[in-house]
Amino acid sequence: MDLATEVDAGFEPTPNNLEAFFMPFTANRAFKKRPRIVNRAEGVYYFKPDGTRVIDGSAGLWCCNAGHGRKPIVEAIQAQAAELDFAPVFQFGHPKAFQLASRIALLAPGSLDHVFFANSGSESIDTALKIALAHHRVKGEASRTRLIGRERGYHGVGFGGISVGGIVANRRMFGAMLPGVDHLPHTYDRSKQAFSRGEPDWGAHLADELERLVALHGADTIAAVVVEPMAGSTGVLPPPKGYLKRLREITAKHGILLIFDEVITGFGRLGAAFAAERFGVEPDMITFAKGVTSGTVPMGGVVVSKAIYDSFMQGPEHIIELFHGYTYSAHPLACAAGLATLDIYRDERLFERAAAIEGTFADKVFSLKDLPLVEDIRTIGLVGAIDLTPIPGSPGLRALNALERGFHEFDVMTRVTGDTIAISPPLTITDAEMDELVDKLRRLITAIS
Ligand code: PXG
């Protein structure tokens, strides 16, 4: 890109251009021809460099649950940077790491009482898988090494996460991955579930496929099953009614750990602190990230049950119990941001708010049902998905057009996957802002028909 174009895109002329940044999960060449740049955010809006307001239909990347530019979070981060910029948590500690762990443990259901910190969802998943393997080993069940994921699952991009994940494009380029992994079938069947609000009625029996995997491999070889309570990245697939309970029963029966990947569903997205609470199912571990700091500072982690934590607390006390951790686990800036974020969630009752407006949100999203391109709509909590008719021969192009034209012509930001538009606005969104979002989507979908 030459300098003149850069200026058009709203940049100051500098010796830099757009080439140096190898962008993640982005069509780099298309983007750099026609960049989609934001340089400011407030509430449920981003702003383009020319000042145009763009409604944030995706809470950034499903993470800015408290909305953008929240003063208490900003100030907490600023104050923390001045007070304690970094502190090791290998063999040392700082107060806010313990405070935040306690706060998260209080939010998590039942006996999920201990928090291991990481810096992203991907690290959280790898951490959970490693804890599962090590837990069985310290209990004397070292044969339990197999990990079970699910088709259409997304668990980040580490080798553990893509191994248990079920998205072909994220796997096919990267070799053999982890050995000893198997997958449950995904739970979506449009012919049985189209236009379901909340949990679809059909599909609980798909959890019984786990019994088949147990019969095939032997329960004593299986360490853990990991699923997103609601699959997010592959197009918003709420769990069929009773499905997660059934998975819990089968895993418990066979001594297999159940891990809920709540990187998206945690911190209010489904109208409760965690989806585990909403669905009344207590897993053995919950992974989280994103909403814990409302996206402001990278952070992730795993909440583990007391039984798992206790299983490691044995042997001589001077021995490290788990040989795992990251330089930036429980980084002071992330902990400060997390504590300020949890205060906002509590004081503004944002999880309850998400639950209270879920019905209105669903009504508004379902109002798009009459549009000719719309093949299915799914909603749950403050999440919605709209499946569009693909352009024949070019899968994904229809939704990509929606992303591009949405940003440039309709001033709306969404996420797309395949030919699905996914929406997950900040939990602070007002009724009028929901109307604006849905109205822009209506005009956009009409325009790309
Ligand atoms: N698990 C789940 C369930 C996720 O949704 C990750 C793990 C990985 O998190 P990190 O922090 O390593 O990216 C995720 C991330 C999208 C989209 O538009 C979804 C994610 C990230 C970026 C885009 O669907 N989810």
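This is a predicted model: local features need pLDDT of at least 70, side-chain atom pairs count only at pLDDT 80 or more; totals for chains, interfaces and linings use all residues.
Residues are numbered from 1 along each chain as its sequence is written.

**Two domains**

The protein chain is assigned domain 1 (36–66 + 349–447) and domain 2 (71–347); such bounds come from an automatic or database domain assignment. Taken over C-alpha atoms, the centres of domain 1 and domain 2 are 26 Å apart. Where the domains meet, 29 residues of domain 1 are in contact with 28 residues of domain 2. Here, contact means that the C-beta atoms of two residues, placed from the backbone, lie within 7 Å.

On the side of domain 1 that touches domain 2, the elements giving two or more residues are α3, α15 (350–366), β11 (374–380), β12 (383–388) and β15 (420–423). α15 gives the most to that side, with six residues. By class, this side of domain 1 has 16 nonpolar, nine polar and four charged residues. For these classes, Ala, Val, Leu, Ile, Met, Phe, Trp, Tyr, Cys and Pro count as nonpolar, Asp, Glu, Lys and Arg as charged, and the others, Gly among them, as polar. As for the element names, helices (H or I, at least four residues) and strands (E, at least two) are DSSP runs, numbered from the N terminus.

**Around the ligand**

Where does the ligand sit? Domain 1 and domain 2 both give residues to the shell around the ligand, so it lies between them. The shell has 18 residues, and Gly121, Ser122, Gly156, Ser233 and Val263 come nearest. To count as near, a residue needs its C-beta atom, placed from the backbone, within 6 Å of the molecule. α3 (59–62), α6 (121–138) and β14 (415–417) each supply at least two residues of the shell, and α6 gives the most, with three residues. The shell is made up of seven nonpolar, eight polar and three charged residues.

**The core**

The largest nonpolar core holds 120 residues, and Ala224, Val225, Ile259, Met285 and Val303 touch the most other members. A core like this is a set of buried Ala, Val, Leu, Ile, Met, Phe, Trp, Tyr and Cys residues joined through C-beta atoms within 7 Å. A residue is buried if 20 or more other C-beta atoms lie within 10 Å of its own, exposed if 12 or fewer, and partly exposed in between, with C-beta atoms placed from the backbone. Helix α14 (residues 332–347) gives the most to this core, with nine residues. The core draws at least three residues from each of domain 1 and domain 2.

Over in helix α14 you'll find Gly338, which is buried, with 31 other C-beta atoms within 10 Å.

**Strands and a helix**

Strands of a sheet pair through backbone hydrogen bonds, either parallel or antiparallel. Two strands pair here if DSSP finds at least two bridges between them. The table lists some pairs.

| Strands | Bridges | Sense |
|---|---|---|
| β1 and β2 (45–47) | three | antiparallel |
| β4 and β10 (300–305) | six | antiparallel |
| β5 and β7 | three | parallel |
| β5 and β6 (181–184) | four | parallel |

β1 and β2 belong to an open sheet of four strands in the order β1-β2-β3-β13, with mixed pairing. Its edge strands are β1 (40–42) and β13 (412–413), each pairing on one side only.

Six of the seven residues of β4 (112–118) are buried, so β4 is largely enclosed by the rest of the structure. His114 stands opposite Val304 in β10.

In β5 (146–150), five of the five residues are buried. On one side these are Arg146, Ile148 and Arg150, and on the other Leu147 and Gly149. Ile148 stands opposite Val225 in β7 and opposite Asp182 in β6.

Last stop, helix α11 (243–253): Tyr243, Leu244, Leu247, Arg248, Ile250 and Thr251 are buried there. Their cover includes α10 (209–217), β7 (222–227), β8 (257–261) and α12 (275–279). Just after α11, Gly255 takes a positive phi of about 70°.
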